[in-house]
Amino acid sequence: MPNTYGSSYLSLCGSCNLFALLEGYLSTVQVEEVYKAYLFSEDAHKGQFRQTGEPYICHPIAVACILADLHLDYRAIIAALLHDVIEDTSIARNTLKQKFGEEVLILVEGLTKLEKIQSKPILETQGENLQKLFLFMAKDIRVILIKLADRLHNMRTLGAVSDEKKKRVSQETLELFAPIANRLGLNHFRSELEDLGFSTLNPESYQELKIKVSKECCDQQQVVGNVENELADRLRDKNISGRVEGRKKNLYSIYQKMKRKGSTFSEIRDLHAFRIIVGVLDTCYLVLGVVHTLYKPVPGRFKDYIAIPKTNGYQSLHTTVIGPHGTQMEIQIRTEEMDKVAEVGIAAIYKNETGNAFDMGHYAADKIGAWIAGVLEAKRGAEGRIFAENIKLDLITDDVYVFTPKGKVFELPRGSTPVDFAYKIHTELGQACVSAEVDGQSVPLRTPLVSGQTVTIHRSPKEEKSCPNPNWLEFVATAKARSKIREHLLGNFDSQEAAVIGRCALRQVLASDFSKTWEDIPKNVISVLLRESHLASEDDLMTQIGWGNCFAISVAHRLMQGPIQLQGKMQSLLFYRPLIIQESGGAVVTYGKCCRPIPGDKIMGFVSTGRGVVVHTHTCKAAAEHRNHPERWTEVRWDKTLERSFLVELEADVANSRGMLAAIATSIANLDSNVEGFLMKEEERSRAILH
């Protein structure tokens, strides 16, 4: 690095040499502009120190170094160096504009710390901040790239802050910033953010897993080396030029897999993944054939992200094979260009030669731009807390890829239904949706979609007024569908009108189910409910009911019976928190004899006077009738650990031969079950109904 860029702070702060990195890909003129910004920031932050004890300027330098590793353009680097000057110093926005231009000012304003309003709950403030962040992202995607670098450095230096702040920042990182990095294809960012957040929130599990993974990887080192050599040798035999890389999966992803599958560490076999990187696209498919002749593929574990790229532009072939000693291994096959995008995501398509802004013409940029636009469209009419919850849901959900009849592919979150698909295509189609076909077969609108299906949406005639069904809110998975359904149903209700509707609904439930009035509820009980639900007043509660953000029946039962136990901790039933059906069942839960639901069935709860919450399957005729009274139903889900016995009804069509009934009873007994009773009816073929 030339002496021109020398500074005591540059040598003191951070482990990277910022200007040596910049000189590797920026022009001399551009590096000079960055240096001017550094001197300006150093002077603005003079006398300020971080909680680590370092001069504050060390933080902007570190953020700029992270972005320089991605080869971002010089204006983004300047914005990184200046990102805190408006908030933390006396520098005015006009001064920044005059010295560094409009483009840098837009980036800095998008990154300026948002005011924390202490009187508002965390989720609501977080939602408002997210809305503003996505608005700035829509103007310039570099805002989120710099924000992620800022968060990454803060997580690396989190040890200096209070325990309460460590947990809050780490939780936010795992819920929001790591998933956003994943959505943008920034794999290095995502992996490090996840492990840093994991180590702070759950240090004991982190250390225990770290030790186990280190030992296991040491034990498997020879096996991994053998696999790499076998793959490389086979490629050479086929005259295919490429390189093979083995890598360890990050600790947080292993931890999540253990939680998701209920597995112990000893049951996790795919700690390593392998990449084969080649020159051109066609070779990827040749390599796939080579891999499958060397190792036996696992059925159903092949994904072609080259033909159908992910939203963030990620392309690769994924296959899982049986390797040495019967161990399953994931192998990814891609080109050099695909590998670059896989590691640095949307940052890979920057045009550094010209210093121009982000090239939004690239496929990945177009897809991510469409995602941001969809997020902003879905936020309309949603207050902060609802927006934050919807974003978190969209970010953590895996994707499925489905097709229109004409072959156009659409990406949706896992669990999406034909209704979500219709809204994804166009809001008008979603509002007018009346039925759907999947792969040529009619299906209920609540049917979850899976990758590869072709979906046909049937709409109401254009001359008829389109109106979404309010019950769709029960099963739609996308923020856009949920937002548009609410928006249509609520029309132009303002908060006062919604409060009137909510108050009427709550009074009706209190009167019919408990013979009580609102005035009968003790003020201290109401205060506890408002505090738990992060609401400021009774009017806010009524407004939320009127807007459909929570159910009158849930609020009434919460007021009269106290909190219901949800997964081991006390929570309010507001804002779509479901009632979890647990081992003990609970006196307030009964099961519909009309449909006899069992764990695994999709269920809904109907609140009945004297019987508490009655659980029905979604396909039950009684449940269909109950949907005419939406104020009386609530969301319920099975506890994943539930193992109790349930009474079910089986129908068996059998030939009426001697000993047949005994044979059926014996088969049931062998399954550790019992026959409570049976009804036999003679038809053209005999039918036995067993209980």
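Is M680 buried, partly exposed or exposed? I found M680 to be partly exposed, at a relative accessible area of 40%. For this class I used the following cut-offs: buried is under 20% relative accessible area, exposed is over 50%, and partly exposed lies in between, with a 1.4 Å probe and protein chains only.

**Basis of the entries.** I worked from a predicted model, in which local features need pLDDT of at least 70 and side-chain atom pairs count only at pLDDT 80 or more, while totals for chains, interfaces and linings use all residues. Residues are numbered from 1 along each chain as its sequence is written, and side-chain values use heavy atoms, with hydrogens and water left out.

**Surface patch.** I placed M680 in strand 20 (residues 678–681). Helices (H or I, at least four residues) and strands (E, at least two) are DSSP runs, numbered from the N terminus. I noted that L661, F678 and M680 make a nonpolar surface patch of about 270 Å². Patches take residues with over 30% relative accessible area and no salt bridge, joining like charges within 9 Å and nonpolar side chains (Val, Leu, Ile, Met, Phe, Trp, Tyr) within 5 Å. The areas come from the Shrake-Rupley method with a 1.4 Å probe; for residues, only the protein chains shown count as cover.

**Helix 24.** I listed the buried residues of helix 24 (residues 523–532) as I526, L529 and L530. They lie on the same side of the helix because they cover an arc of only 100 degrees around the axis. That arc is taken from the directions from the helix axis to the C-beta atoms. An α-helix has 3.6 residues a turn, so residues three or four places apart point the same way. On the other side of helix 24 I recorded N524 and R531 as exposed. After the helix comes H534, with a positive phi near 60 degrees.

**Salt bridges.** I counted 22 salt bridges, each being a side-chain nitrogen of Lys or Arg within 4 Å of a carboxyl oxygen of Asp or Glu. In one of them, E192 pairs with R156, and the closest N and O atoms are 2.8 Å apart. This pair links distant parts of the chain, with E192 in helix 12 (residues 187–201) and R156 in helix 10 (residues 142–156), 36 residues apart. E192 is partly exposed at 27%, and R156 is partly exposed at 43%.

I then looked up R503 and D539, whose side chains meet in a salt bridge (2.8 Å, N to O). R503 belongs to helix 23 (residues 495–514) and D539 to helix 25 (residues 538–546), 36 residues apart.

R507 and E519 also meet in a salt bridge, at 2.7 Å from N to O. R507 lies in helix 23 and E519 in the loop between helix 23 and helix 24, so this pair ties together parts 12 residues apart in sequence. R507 is partly exposed at 33%, whereas E519 counts as exposed at 54%.

**Strand 5.** How many residues of strand 5 (residues 328–335) are buried? I found 7 of its 8 residues buried. Strand 2 (residues 272–278) pairs with strand 5 in the parallel sense over 6 bridges, where pairing requires at least two DSSP bridges between two strands. R275 has Q332 in strand 5 as its bridge partner. Strand 4 (residues 317–322) pairs with strand 5 in the antiparallel sense, also over 6 bridges, and L317 is bridged to I333. Strand 4 and strand 5 form a hairpin with 5 residues between them, and H325 in the turn has a positive phi of about 60 degrees.
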